[in-house]
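Student: Could we take a close look at one part of this protein together? I'd like to start with a single residue and see where that leads.

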Amino acid sequence: MRFKYKVRELIADKVLNNEKIENVQEATDMEAMSFKKLRKKLDPKKRYFIEYTNKKGNFISTIINGNQKD
């Protein structure tokens, strides 16, 4: 079963009162067999905002970094 993910890259704009303010780019639709396999496709040096629905029907949105490829 392939899952569909909406992936948006986060771009750091500036720091205000010791808080990082980030902008998001356009959403790109990606497919992967699992969340772990999706992370392996992403660049480890960038931050991403991910939205998807898991196999139990729960909507999840999270901020992650890509995984290092071994």
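Student: Is K46 buried, exposed or partly exposed, and what is its relative accessibility? Please take your time and tell me about its surroundings too.

Tutor: Happy to, and keep in mind that what you're looking at is a predicted model. K46 counts as partly exposed, because its relative accessibility is 33% and that class covers the range between 20% and 50%.

Now look at what the side chain of K46 does: it meets the side chain of E9 in a salt bridge, with 3.9 Å from N to O. K46 sits in the loop between helix 1 (35-41) and strand 4, while E9 belongs to strand 1, so this pair links distant parts of the chain, 37 residues apart. As a general point, side chains of opposite charge can pair when their charged atoms come close.

A search of the whole structure turns up two salt bridges. Besides K46 with E9, there's one between E31 and R2, at 3.3 Å from N to O. E31 is in strand 3 (residues 28-32) and R2 is in the segment before strand 1, so parts that are 29 residues apart in sequence get tied together. E31 is partly exposed at 35% relative accessibility, and R2 is also in the partly exposed class, with 47%.

Strand 1 (3-16) and strand 4 (47-53) are the elements that give two or more residues to the largest nonpolar core, a group of ten: F3, Y5, V7, A32, L38, L42, Y48, I50, Y52 and I64. In soluble globular proteins, nonpolar side chains tend to be buried together.

Pick I50 from that core and follow its neighbours. Leaving out residues up to four places away in sequence, I50 touches Y5, K6, V7, F35, L38, L42, I60, S61, T62 and I64. Several of those names, including Y5, V7, L38, L42 and I64, are core members as well.

To place all this, step back to the whole chain. There are one helix and five strands, and along the sequence they run β-β-β-α-β-β. Of the 70 residues, 20% are buried. Among contacts between residues at least 6 apart in sequence, 44% join residues at least 24 apart.

Definitions and conventions:
Residues numbered from 1 in each chain as written. Predicted model: local features only at pLDDT ≥ 70, side-chain atom pairs only at ≥ 80, totals over all residues. Heavy atoms only, no water. Core = buried A, V, L, I, M, F, W, Y, C linked by side-chain atoms within 4.5 Å. Buried < 20%, exposed > 50% of the residue type's maximum accessible area, 1.4 Å probe, protein only. Helix = DSSP H or I, 4+ residues; strand = E, 2+ residues; numbered from the N terminus. Contact = heavy atoms within 4.5 Å. Salt bridge = Lys/Arg side-chain N within 4 Å of Asp/Glu carboxyl O.
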